[in-house]
Amino acid sequence: MPIDPVSGRVSALKAAVIGAGYVGTCLAVALAERGAEVVAIDSDESLVADLRAGRCRLPEPGLAAAVADLSATGRLTASSSYAVVAGVDVVLVTVGTPTDPRGEMVADQLVAACEQLSGYLRAGQLVIVKSTVSPGTTRTLVAPLLERGGLVRECDFWLAFCPERLAEGAALAQVRSLPVVVGGVGPRSAAAAERFWRSSLGVEVHQVPSAEAAEVVKLATNWWIDANVAVANELARYCSALDVDVLDVTGAANTLPKGSSMVNLLMPGVGVGGSCLTKDPWMAWRDGRSRGVPLRTVETARAVNDDMPRYTASLIADELLKLGLDRSDTTVAVLGAAFKSDTGDVRNTPVLGVVAALREAGFQVRIFDPLADPAQIEARFGFAPAASLAEAVAGAGCLAFLAGHRQFHDLDLSTLVTQVHRPCLFFDGRMHLTPTRIREVLRLGFAYRGIGR
């Protein structure tokens, strides 16, 4: 993989990315930006057609423009055929690996990809699995499937696992800069994967002793995040009972050095969603149970975070009743349908649970999210979102900010207050307003309530 000494770009690298979803597309773009020739392989013919035409349907900031630019250069192409694998140096597997209701990984997409890949794999190629898997999957499932084509791991081809660690809303910046964790099925595979990442993206690489260790890294990361969000959410509920602002507590507590870092209490919110945080801890839990290790913190954290939508809806309902508003005559404008701030992804969004509980309690609900696809909102929630912010808030007795999008922070509240019902509750689900901003909200005549505030 020679590197141009002037630009630093990889000029000869050819890569195939199997699975042109969120991770796969971001990765393909980052590699192509550095000069690689990348082909995205996916079974969805309409998705392949979009990529070939330079279109991207994923709501990641900057991704659509990058796909359009790179498609025009010819460095980013797409195919539904695995035959193109024969002409590449590196194959990255980023297909989906959901879990079933028992928390067990559903490997159908991974198995299908490996079975097809095995027929085109050639000597000297590097295969990197980035799909989240149960520990041991790369060695005991992926490797034997790939060897069906007659090649042998660590001898004819190299195989490694590298966990995906991107955060939606910042994924492109992160794939270009985040350290990459590498674990191979053997030392040669690990070395090949490390060389690839250093040369192709120019990022720091942290090599762990085995593919199994790298697989656990992914599960441990999201297990930690989910558990710490649960601590933040329970702390918020505790502070609420004490009439204490949870952000005052976390701000002070986080000044304490601990080990090589600091205490790091996270921000509370309306729950946890997305495709990873709701799934990966259960994958670890299921695997741990099969090995005689009960992971009780997973169960507790999942229970706490899964209850937050119900708790959020009850907070909103209680505050509206205190304001003397009748359920049947009150509209709640839900601002932000996505599972997290600054993204339009509504997969597994906790906002769905909040909306369902509010509607069950008798409130009318309108939804508006400037980042989410209206068709996806309608498919997920069962009714169409408001066409505009003005339509969503007109006459509303509550503005429920359930995502902290930058656009919401920039709103002119003095204009909003003229469009809503009076009185009107400003509910802070994820905005985490500063004391100064809260005083402005109150001065304008809104009532204010937040989670733990």
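**Close-up 1. D280 is a buried residue of helix α10 in this predicted model**. At 0% relative accessibility, D280 counts as buried (buried means under 20% relative accessible area, exposed over 50%, and partly exposed in between, with a 1.4 Å probe and protein chains only). The helix that holds D280 is α10; helices (H or I, at least four residues) and strands (E, at least two) are DSSP runs, numbered from the N terminus. Leaving aside residues up to four places away in sequence, D280 touches T132, K218, L219 and N222, where contact means heavy atoms within 4.5 Å. Residues are numbered from 1 along each chain as its sequence is written. In this predicted model, local features need pLDDT of at least 70 and side-chain atom pairs count only at pLDDT 80 or more, while totals for chains, interfaces and linings use all residues, and side-chain values use heavy atoms, with hydrogens and water left out.

**Close-up 2. V263 sits in the loop between β10 and α10**. The loop runs between β10 (261-262) and α10 (280-290). Is V263 here buried or partly exposed? V263 counts as partly exposed because its relative accessibility is 23%. Not counting residues up to four places away in sequence, its contacts are A253, N254, L256 and K258.

**Close-up 3. Strand β13 is covered on both faces**. Within β13 (residues 398-401), C398 and A400 are buried on one side, and L399 and F401 are buried on the other. Strand β11 (residues 331-335) runs parallel to β13 and is joined to β13 by 4 bridges; two strands pair if DSSP finds at least two bridges between them.

Close-up 4. A pocket is an open set of points on a 1 Å grid over the protein atoms alone, where a 1.4 Å probe fits, with protein on both sides within 12 Å along at least five of seven lines; lining residues have an atom within 4 Å of a point. Among the residues lining this pocket are N305, D306, P309, L352 and R380. Helix α11 (296-322) and helix α12 (351-360) each supply at least two lining residues, and α11 gives the most, with 3.
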